[in-house]
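The sequence and the model are shown first, and the description follows.

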Amino acid sequence: MSKIFKLLPELNVIEDLAKAQPEIIRHIKLTQIDCGMERFPIDALIYGPDDPTLPCVVLVGGVHGLERIGTQVIISYLKTITHSLNWDADLRESFKKTRLIAIPILNPAGTAYHWRCNPNGVDLMRNAPVEADPDDTTWLLSGHRISNALPWYRGKEQAPMEIETQTLVDFFKKEVMPSRANITMDFHSGFGTKDQIWYPWAKTRKEKFPFYDQFINLQRLFETSFPNHIYKIEPQTKNYVTHGDLWDYLLQEHRKEKRPGVFIPLTLEIGSWIWVKKNPLQLFSILGLFNPIKEHRIRRQLRRHVFMLDFLQRAVRNYDAWH
Ligand SMILES: [Zn+2]
């Protein structure tokens with residue numbers, strides 16, 4: 001087995017998933033990231049027809065390499081869907097009218113080597129050309145250009161976007177932004193004790209994001225359908241404001257290019273502080289701040305979000321209900 005697959009065993013699973021249902025799943029190698037002697041691929045899986053106008057759900061993970069649990073949750077969910085395709089005719093049928101897209105590891109070198117940032121020390125979620133409202137930003141945390149030795153580094157002024165970031169933007173413009181109805185979920189961990197769903201903007205508290213009304217309809221559907229759900233749902237800016245947020249940038253581009261559909265990019269922040277509280281020894285492990293370490297807690301995470309991810313797929317199939 002090559003070193004890359006040892007460092008990122010998830011890549012093997014991604015390949016196997018695509019092979020398991022070749023008529024429904026396409027495996028696309030988007031690019032490769034050079035890091036030392038290794039080249040790490042960024043892979044995407046597309047479930048459903050080759051028609052980017054169809055309603056779709058997109059799952060993105062591993063933007064921050066330390067936050068591996070998000071990638072694991074995505075892959076576990078894809079396994080469930082892929083196996084279900086063997087027996088669930090309704091599910092197979094649904095992939096004639098909708099798509100499910102996953103980029104489980106956007107920052108493969110960071111994930112392999114346990115870095116938050118990419119090999120250039122850039123925080124990919126601060127790297128897009130978007131300036132936040134200066135009244136609301138927090139020193140360093142909101143993104144800065146001081147040095148890549150500090151966390152939350154945005155990259156140099158006027159520099160092009162990092163390869164990972166540009167790859168995601170190009171992929172979204174081609175495969176996601178033509179969609180009539182899209183909900184994207186970007187998986188993170190390491191903030192707070194509750195699982196939180198954040199909606200845009202990240203850049204300002206003063207303005208609503210373009211699909212705010214549709215999002216509120218969607219939230220109402222979710223909350224009435226699942227009154228006992230586990231999430232705290234709030235604007236990202238209730239927690240902090242950032243420069244360079246990728247989803248802000250794609251929303252701006254969506255509007256600028258006058259795309260016809262609805263585009264709702266959300267962030268899932270899996271609350272990890274509870275695991276640290278219950279198991280303080282995790283503080284001494286670099287991954288322990290961001291990921292469950294004990295087996296039963298990992299398994300709990302892998303099953304915890306399935307109903308929400310199923311809801312997103314049903315929601316895009318029935319987008320007339322909240323559009
Ligand atoms: Zn993160």
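## Overall form and selected residues

The chain exposes about 14100 Å², and carbon and sulfur atoms supply 54% of that area. These values, like those below, are computed from a predicted model.

The chain contains 11 helices and 8 strands. Its radius of gyration is 19 Å, close to the 20 Å given by the globule rule for 323 residues, and the chain is therefore as compact as a globular protein of that length. Taken along the principal axes, the box filled by the C-alpha atoms is roughly 55 × 50 × 40 Å. Of the 323 residues, 57% count as buried. Among contacts between residues at least 6 apart in sequence, 78% join residues at least 24 apart. As to charge, there are 42 positive and 37 negative side chains, and the centres of the two sets lie 4 Å apart.

Two residues illustrate how individual positions sit in the chain. P22 is placed in the loop between α2 (10-20) and β1 (25-35). Because its relative accessibility is 54%, and exposed means over 50%, P22 counts as exposed. F171, by contrast, is placed in helix α6, which spans residues 163-176. With a relative accessibility of 5%, F171 counts as buried, since the cut-off for buried is under 20%.

Which residues does F171 touch, not counting those up to four places away in sequence? They are L30, A44, I46, I101, I103 and V176.

The table sets out the separation of each of these two residues from one other residue of the chain.

| Pair | Separation in sequence | C-alpha to C-alpha distance |
|---|---|---|
| P22 and Y47 | 25 residues | 9.5 Å |
| F171 and P200 | 29 residues | 20 Å |

Helix α10 shows how buried and exposed positions can be arranged around an axis. The helix covers residues 295-304, and its buried residues are R297, I298 and Q301. These three cover an arc of only 105 degrees around the axis, which puts them on the same side of α10. The face turned away from that buried side carries the exposed residues E295, R299 and R303. In general, an α-helix has 3.6 residues a turn, so residues three or four places apart point the same way.

Notes: Residues are numbered from 1 along each chain as its sequence is written. This is a predicted model: local features need pLDDT of at least 70, side-chain atom pairs count only at pLDDT 80 or more; totals for chains, interfaces and linings use all residues. Side-chain values use heavy atoms; hydrogens and water are left out. Helices (H or I, at least four residues) and strands (E, at least two) are DSSP runs, numbered from the N terminus. The radius of gyration is taken over C-alpha atoms; the globule rule is 2.2 Å times the number of residues to the power 0.38. Buried means under 20% relative accessible area, exposed over 50%, partly exposed in between (1.4 Å probe, protein chains only). Contact means heavy atoms within 4.5 Å. Accessible areas come from the Shrake-Rupley method with a 1.4 Å probe; for residues, only the protein chains shown count as cover. Lys and Arg count as positive and Asp and Glu as negative; His and the chain ends are not counted. The place of a charge is taken as NZ of Lys, CZ of Arg, CG of Asp or CD of Glu. The arc is that of the directions from the helix axis to the C-beta atoms.
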